[in-house]
Amino acid sequence: MNFTLKQIYLVIILESYNEIMSKDRVHILGICGTFMGGLALLGKEQGLDVSGCDANIYPPMSDHLEELGIDIIEGYEASKLPDADYYVIGNSISRGNPALEYLLSSKANIVSGPEWLYNSVLKDKNVIAVSGTHGKTTTTAMIAWIFEDQGFDVGYLIAGKPKDFKKSARKGSNDIFVIEADEYDTAFFDKRSKFIHYKPDTLIINNIEFDHGDIFPDITYIQREFHHLVRSLKEEASIIFPTDDLNISNVLNMGCWSQLISYGVNKQDANSIQLNDDIKKTTYKIDAQEGQIDWEMFGEHNARNAMAAALAVHKYGIILKDALGSLGKFKGVSKRQDFLLNTERLILIEDFAHHPTAIKSTLEGIRKNYPDNRLLVAIELRSNTMKSGLHDERLIEATAEADMVFWKSENLEQAKGLANKNLSKSDYISNVDDFVDNFDSISTVGDILLVMSNGNFDNLSNKIIKRIKND
C-alpha cells in the first residue's frame, strides 16, 4: 500500500499525540515539602507529567522544582487543579482543604505519597530504609554517598539538602534504592507510619525515643508501629541496629522473622565502635576489619550513623576500609552540623533541632571539639511535639553544655518559661531582628553561635552573617 507524504506526517503526529496523552499525569498536593518534593523529582525522572500545589512555596525546593519544569500552583483552590491521572496527597493535607474536598467529591484517583512511591519506584528495587528518631537524614545521605563514591549509581530519597548531590532524590540506574523511613503517619486516610509501605530489604533502626506527641500518646504506640514494620519484612531481609537501645530491643522481642545485624558500642562484639572523645580516633569494626575516619564530623551520634551506614553497604560488597574512605569525603547535609561562618570573630553552625537527645548530643560534640570557646545556642521550638511543652524539662538538661541559650517559640510564654527555668544562662527571643541588632552586646570575639531549628528561624543565620560581615 502506498502512502502519501501527508498521510505519513499525519501518522507521525497521531503517534506523538498518543504518546503524550498516554503519559501519566501526576499532581502532588503539598509538593514543596522535602518528601513530596522528592517524589516530584522521581516522577519527573521517570518521564511523568508532574505538577503540584502548596500553600507555602519557598526555596530551595520550589526553585529546584521550577528548574526542572515542574509547575507549582500556589494555594489549594479547587478551580486551579489540573486534570491528572493520580493526585498524590501529602500528610500535611487534612480534611477541609478545598482541593482535597473537591477531589473526594469528584471520586478522583487519590493516593498517598508513600504508596505512590512504592508502586512507582521501590517495588522493583533493593530497598535500604533508614529509620529511627534521630539520624535518618544524615545516615541516608551517608549511605547514598558511599555508593556514589564507590561507583554505584543508586537511587535515593533524602528528606533534606545533601551537599554531595545536586538533587535530594533520584531513581538511579542501579537496583539499590536508599530511603529515609519516617514513622510519622502516611496521609489523612492512612494513619499507619510512612515506613510500612517501603518493604525494605535492609532496615536500619538507629534508635527509638518518644517523639511526635501530636499523633503518638506514648512510646508504646511508637514501638507498635516499628513492630508492624518488622512484621512486614521478608525472612531474607536484614535489620541493622545498636545493641544498647532498650526500645529497639523491646520491639524485636515482640517477634522478628528476619536476619539481625547488630553492633555494640564500646564492646568487643564482632561489629562494634570504640568511641573516643576525638571522633577521628573512634574505631569501627566489622567482623575482622577495623578502621577509622579522617573527617570533620563530630559527636557520638555521627559515629553511630557512620557505623550503620558501613554495615548497610557491607551487605552489598563494599568493605569497611572503602566505606570509611568514602565517609572521609562526606560533606554532610544542610542544617546538620552546617558551618555557615568560621572566622576569628564568630563561628556560626546550623543544626536540626526536633528532640532533646539530638540537641544534647550536638552540644556535647561541639564542646569536645571547641573546649575553649564560649557556646551560645539559639533554639526554635517549631515541631508540634516541641511546641507542646512535652520536652521542656529535658530541654534544660539537654543544653547544659551551653554558656547561654536563647529560646524562641510561637508561644512566647513557653519561651519565657524556659528562660526563667535557668535565668543565669537563658533568655528568650521575641523578635529575631531585635536579637540580631543586639548581637554585638551579647557575643564576644571567638564565640560559637549554634542555631537549631527544623525551619528557617526567620532567617536568623543569614541576618547574623550579614551583620558580622558589615561590622
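The model is predicted: local features need pLDDT of at least 70, side-chain atom pairs count only at pLDDT 80 or more, and totals for chains, interfaces and linings use all residues. Residues are numbered from 1 along each chain as its sequence is written, and side-chain values use heavy atoms, with hydrogens and water left out.

**The six-stranded sheet**

- An open sheet runs in the order β18-β19-β23-β20-β21-β22, with mixed pairing. Strands (E, at least two residues) and helices (H or I, at least four) are DSSP runs numbered from the N terminus; two strands pair if DSSP finds at least two bridges between them.
- β18 (338-342) and β22 (426-428) are the edge strands; each has a single partner, so one side of each lacks a neighbour in the sheet.
- Neighbouring strands are turned by 20° against each other on average, direction ignored.
- β18 and β19 (residues 346-351) run antiparallel and are joined by four bridges. Phe 339 stands opposite Ile 349 in β19.

**Helices on the sheet**

- α11 (residues 356-369) lies across β19, β20 (375-381) and β23 (447-452), at about 160° to β23. Axes are lines fitted to C-alpha atoms, for helices over the stretch in contact, and angles run from 0 to 180 degrees between N-to-C directions.
- α17 (residues 460-470) also packs on the sheet, touching β18, β19, β20 and β23. Its direction makes about 170° with that of β19. Contact means heavy atoms within 4.5 Å.

**Helix α9**

- α9 is largely enclosed by the rest of the structure, because 12 of its 15 residues are buried. Buried means under 20% relative accessible area (1.4 Å probe, protein chains only).
- Among the buried residues are Asn 302, Arg 304 and Asn 305.

**Nonpolar cores**

- The largest core has 49 residues; Ile 28, Leu 39, Leu 117, Leu 122, Leu 157 and Ile 179 touch the most other members. A core is a set of buried Ala, Val, Leu, Ile, Met, Phe, Trp, Tyr and Cys residues joined through side-chain atoms within 4.5 Å.
- Helix α2 (residues 34-45) gives the most to this core, with six residues.
- Another core, of 43 residues, lies apart from it and includes Trp 295 and Ala 312.

**Asp 190**

- Asp 190 is found in β11 (residues 190-193) and is buried, at 9% relative accessible area.
- Its side chain makes a polar contact of 3.0 Å with that of Arg 192. A polar contact is a pair of N or O atoms within 3.5 Å; within protein, one must be able to donate a hydrogen and the other to accept it, and residues adjacent in sequence count only if both atoms are side-chain atoms.
- Beyond four places in sequence, Asp 190 is in contact with Asp 185 and His 197.

Technical notes. Buried means under 20% relative accessible area, exposed over 50%, partly exposed in between (1.4 Å probe, protein chains only).
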